[in-house]
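Here is a short tour for a reader new to this structure. Keep the sequence and the 3D view at hand while reading.

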Amino acid sequence: MKRLFIASRGNPEQLAQLFRAELPDFEVLTEQPKAGDADVPFIVVGRPLPGVIRAVPGLKLVLSLNAGIEHLLASGEVPDELPIVRLVDEGLALGMAEWVLAQALAWHRNLFLYTELQAKGEWSPKAEKLANERTVTVLGAGALGRPVAEHFVRFGFNTRVWARSKHDVEGAKTFAGKDQLLDAARGADILVNLLPLTAETADVVDAKLLDVLNDGAFFINGARGGHVVDADLIAALDSGKLSGAALDVFRTEPLPAEDPLWRHPKVRLSPHVAAPTHQHMAVKEMAANIRRFENGEPVRNVVDRNLGY
Ligand code: NDP
Ligand code: OXD
């Protein structure tokens with residue numbers, strides 16, 4: 001029963017070596033097991049090819065190499081009875097916090113603007129504000145949203161957090177549910193999206209939400225492109241409602257060459273690198289969950305299929 005299949009299309013052998021170090025009593029496979037083979041209760045997946053998961057005999061637990069698992073749910077590749085564990089680890093949380101704070105602080109201290117002025121040879125100091133003169137709203141209070149909000153609090157920003165349920169985040173004002181979304185965002189200077197992509201959260205960043213931000217606000221998207229109505233985002237950038245946007249994720253990735261976001265002067269793009277999976281940290285987390293499952297203990301970070309995250 002101690003068998004694990006790595007179905008990653010990246011570098012399965014490298015992952016397998018890390019798993020062998022964490023789970024020395026396990027047989028770790030990188031070749032697809034088939035019907036009739038001995039049972040393989042555990043599979044580690046990124047974006048598996050069609051049919052890969054269903055073909056594994058005796059599968060009991062699906063461990064995702066990603067925090068966002070909407071692609072696994074949408075593909076229908078994981079049979080309903082199989083629990084899916086999403087990736088939650090310190091590496092993701094630290095990485096996302098670094099990326100979001102880097103973007104937020106660069107905008108807050110006009111560093112993007114000064115880079116543009118430098119290109120024109122223009123010495124033009126702007127009125128600089130302190131963090132406590134700015135309001136930040138973070139959408140999502142989960143494994144990534146909460147630590148990001150806590151960093152904003154530490155820097156002294158007036159911090160607000162919005163989630164499905166009510167949270168306590170020390171030093172921040174918290175909001176819950178659809179009815180409080182606009183209140184959470186009203187008058188914010190920086191809007192950060194760290195929601196999972198679900199039926200409820202798709203298109204949540206639209207004209208209605210952007211309209212209630214402060215004029216000249218900055219939008220940071222580290223979650224998924226499907227959260228944003230791109231036409232509304234571009235309209236808000238063009239009208240000056242937003243002075244800029246930092247985008248790491250897009251509806252289609254890689255972002256197609258013809259997409260206007262590539263060339264928009266107020267958009268800062270990065271190629272889905274905000275919080276990459278650090279394999280050695282992720283493997284430790286996944287191995288610990290496999291042990292919990294084996295010992296009959298509750299497995300952590302199991303996806304609620306009804307909620308979609
Ligand atoms: P979590 O599942 O830990 O947190 C999700 C948060 O969103 C929770 O606070 C949850 O509320 C809230 N939420 C969910 N649905 C709603 C809703 N309908 N209305 C209001 N709030 C809602 O996710 P993570 O923090 O781990 O990750 C967030 C997303 O970040 C991932 O799903 C993925 O898309 C993205 N990501 C991007 C990466 C990158 O490199 N760009 C890397 C890793 C992840 P509640 O607390 O009440 O349940
Ligand atoms: C993830 C991601 O969800 O890479 O882990 O976006």
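## A loop with a cis bond

Pro254 is placed in the loop between β11 and β12. The model is predicted. In that model, a cis peptide bond joins Glu253 and Pro254. Omega for this bond is about -5°.

Asn110 is found between α3 (90–108) and α4 (111–119). Phi of Asn110 is near 65°. That is a positive value in a residue other than glycine.

## Two domains

The chain is divided into domain 1 and domain 2. Domain 1 takes in residues 2–89 + 278–294. Domain 2 covers 92–269. The C-alpha centres of domain 1 and domain 2 lie 33 Å apart.

How do the domains meet? Seven residues of domain 1 are in contact with five residues of domain 2. Between them, domain 1 and domain 2 bury about 590 Å². Of this area, 55% is on carbon and sulfur atoms. On the domain 1 side, Ala67, Glu70 and Asp89 lose the most area to domain 2. Together these residues make up 57% of what that side buries.

The rule for polar contacts finds three residue pairs across the interface of domain 1 and domain 2, both residues at pLDDT 80 or more. The salt bridge count between domain 1 and domain 2 is one. Glu70 also forms a salt bridge with Arg224. The closest N and O atoms of Glu70 and Arg224 are 2.6 Å apart.

## The seven-stranded sheet

Seven strands form an open sheet with parallel pairing. Their order is β8-β7-β6-β9-β10-β11-β12. β8 (172–176) and β12 (267–269) stand at the edges, each with a single partner strand, so one side of each has no neighbour in the sheet. From one strand to the next, the twist averages 15°.

Take one pair from this sheet. Strand β11 (residues 242–247) and β12 pair in the parallel sense, over three bridges. Ala246 stands opposite Arg268 in β12.

## The five-stranded sheet

Another open sheet has five strands, again with parallel pairing. The order is β2-β1-β3-β4-β5. Which strands are at the edges? They are β2 and β5 (84–85), and each pairs on one side only.

β1 and β2 run parallel and are joined by three bridges. Within that pairing, the bridge partner of Phe5 is Leu29 in β2.

Two helices are described against this sheet. α1 lies across β1, β2 and β3 (42–45). Helix α9 (residues 279–294) lies across β1, β3, β4 (61–64) and β5. The table sets out the angles of the helices named so far.

| Helix | Reference strand | Angle |
|---|---|---|
| α1 | β1 | about 150° |
| α9 | β4 | about 165° |

## Salt bridges

How many salt bridges does a search of the whole structure find? The search finds 16 salt bridges. One pair brings together the side chains of Lys2 and Asp25, at 3.1 Å from N to O. Lys2 lies in the segment before β1 (3–6), and Asp25 lies in the loop between α1 (12–22) and β2 (27–29), so the pair ties together parts that are 23 residues apart in sequence.

Methods:
Residues numbered from 1 in each chain as written. Chains lettered and ligands numbered in written order. Predicted model: local features only at pLDDT ≥ 70, side-chain atom pairs only at ≥ 80, totals over all residues. Heavy atoms only, no water. Pairing = 2+ DSSP bridges. Helix = DSSP H or I, 4+ residues; strand = E, 2+ residues; numbered from the N terminus. Axes fitted to C-alpha atoms, helices over the stretch in contact; angles between N-to-C directions. Domains from an automatic or database assignment. Contact = heavy atoms within 4.5 Å. Buried area = accessible area lost by both parts, 1.4 Å probe. Salt bridge = Lys/Arg side-chain N within 4 Å of Asp/Glu carboxyl O. Polar contact = N/O pair within 3.5 Å; in protein donor to acceptor, adjacent residues only side chain to side chain.
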